[in-house]
Amino acid sequence: MSEASDLEKVFEEKIAAEERIEPKDWMPDAYRKNLIRQMSQHAHSEVIGMQPEGNWLSRAPTLERKQILLAKIQDEAGHGLYLYSATETLGVTRAELNEALHEGRAKYASIFNYPSLTWADIGAIGWLVDGAAIVNQLSLQRNSYGPYARAMVRICKEESFHQRQGYLILVKLCEGSDDQKAMAQDALNRWWWPSLMMFGPHDAESVHSERSTLWKIKRMGNDESRQKFVDQTVAQAEAINLVLPDPDLQWNEERGHYDFGDIDWDEFSRVVSGNGPCNRERLAQHKKAHEEGEWVREAMSAYAERQLGTERE
Ligand code: 3HC
């Protein structure tokens, strides 16, 4: 047997035995490429996801709400850093990852291309977007690549706070005036379907699901994760008398799940291909911040060089 097939055999035995693949382990190029793709897009999503919430920092209704939102946004930046660092263990640099994003060769989650129009949107983002992210990321804690799985453990702990604080914003609004309740319902109406799109296309249309599942990168299919999110969110909406904007939503005793309406996949494709409400603004802001941060990166690498120099002396 050739050396390469020996290595492949060891890799497959590790995957079958639920052992983690670590950076120094041999891995198929396609496994590495798939991980760089998904992990970097995950990291880009965390960083770009700060924009819709950042727009409300100066307009938070109370100092306490401003502090909570600031803490959440700082967490998201940290999630991006964990994920970029985990991706770099696969032999790619942060600069290359940012270049791929800026040149449109890498994606980020479609959900962040929608505008945050009112304070209630900040509640809907925490409740729904972070709620959906938790469903997806809990299963990613079991993925086969060590650095990615370990990053997920830390991230999931912080996401629970994000989801809770968002839900409590909507609880407060729903206990308020009719206008405040209407603002919460309007936000739910606008964020519900894009949140379901976060889980990706149906498995039958998924480009990567089969391979990613075989390699235990994906531990739950797109449809199974989406269904789990719907099932857990319906009761939360009912508890604050908000109505999910789906006339086809109903409990299916036989399936033991909620049936729900069709997702507008044309909208999904439009947003993923760059023609959503805020795509251009999000990418322009990311590029501007990246350019303005050049001096910080230069200073950090100059400092690191000098430190290395002194250590060698
Ligand atoms: N937005 C943008 N692109 C999407 C997408 C979405 N919601 N769903 C799928 N896609 C893309 C995929 O990236 C793939 O394109 P590519 O080949 O150019 O990468 C294509 O559509 C086909 O989709 P697949 O289902 O075949 O792709 P995956 O197997 O990668 O599954 C996924 C999609 C479930 C999103 C998977 O990539 C994943 O689990 N990613 C990690 C989690 C993540 O990125 N979450 C984003 C939100 S982060 C967040 O919410 C932060 C929170 O703190 C607020």
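E13 and K9 sit four residues apart in helix α1 (residues 3–16), so about one helical turn separates them. Their side chains meet in a salt bridge, 2.7 Å from N to O. This is a predicted model. Its salt bridges come to a count of 19.

**Salt bridges within helices**

- D186 and R190 form a salt bridge whose closest N and O atoms are 2.9 Å apart.
- Both D186 and R190 belong to helix α8 (residues 178–197), where four residues, about one turn of the helix, lie between their positions.
- D186 has a relative accessible area of 30% and is partly exposed. R190 is partly exposed at 24%.
- D223 pairs with R226 in a salt bridge, with 3.0 Å between the closest N and O atoms.
- D223 and R226 are three residues apart in helix α10 (residues 222–239), so they are separated by about one helical turn.
- R226 counts as buried because its relative accessibility is 1%, under the 20% cut-off. D223 counts as partly exposed at 26%.

**A salt-bridge network**

- E53, K72, E76 and D130 are linked by salt bridges into a network.

**Packing of α12 and α13**

- Helix α12 (residues 279–292) packs with α13 at an angle of about 40°, and the two axes are 4 Å apart.
- That angle makes α12 oblique to α13.
- On the α12 side, the contact is made by H290, E291 and E292. On the α13 side, E294, W295 and R297 make the contact.

**A nonpolar surface patch**

- W295, V296 and M300 form a nonpolar patch on the surface. Together they have about 360 Å² of accessible area.
- W295 also takes part in the contact with α12.
- M300 is in helix α13 (residues 294–312). M300 counts as exposed because its relative accessibility is 56%, over the 50% cut-off.

**Two single residues**

- S45 lies in helix α2 (residues 29–48). S45 is buried, with a relative accessible area of 10%.
- Leaving aside residues up to four places away in sequence, S45 touches Y108, A109 and F112.
- L81 is found in helix α4 (residues 63–88). At 46% relative accessibility, L81 counts as partly exposed.
- L81 and I21 are 60 residues apart along the chain, and 21 Å separates their C-alpha atoms.

Definitions and conventions. Residues numbered from 1 in each chain as written. Predicted model: local features only at pLDDT ≥ 70, side-chain atom pairs only at ≥ 80, totals over all residues. Heavy atoms only, no water. Patch = residues over 30% accessible without salt bridge, like charges linked within 9 Å, V, L, I, M, F, W, Y side chains within 5 Å. Areas by Shrake-Rupley, 256 points an atom, 1.4 Å probe, with all protein chains shown as cover. Salt bridge = Lys/Arg side-chain N within 4 Å of Asp/Glu carboxyl O. Helix = DSSP H or I, 4+ residues; strand = E, 2+ residues; numbered from the N terminus. Buried < 20%, exposed > 50% of the residue type's maximum accessible area, 1.4 Å probe, protein only. Axes fitted to C-alpha atoms, helices over the stretch in contact; angles between N-to-C directions. Parallel < 35°, antiparallel > 145°, perpendicular 65-115°, else oblique. Contact = heavy atoms within 4.5 Å.
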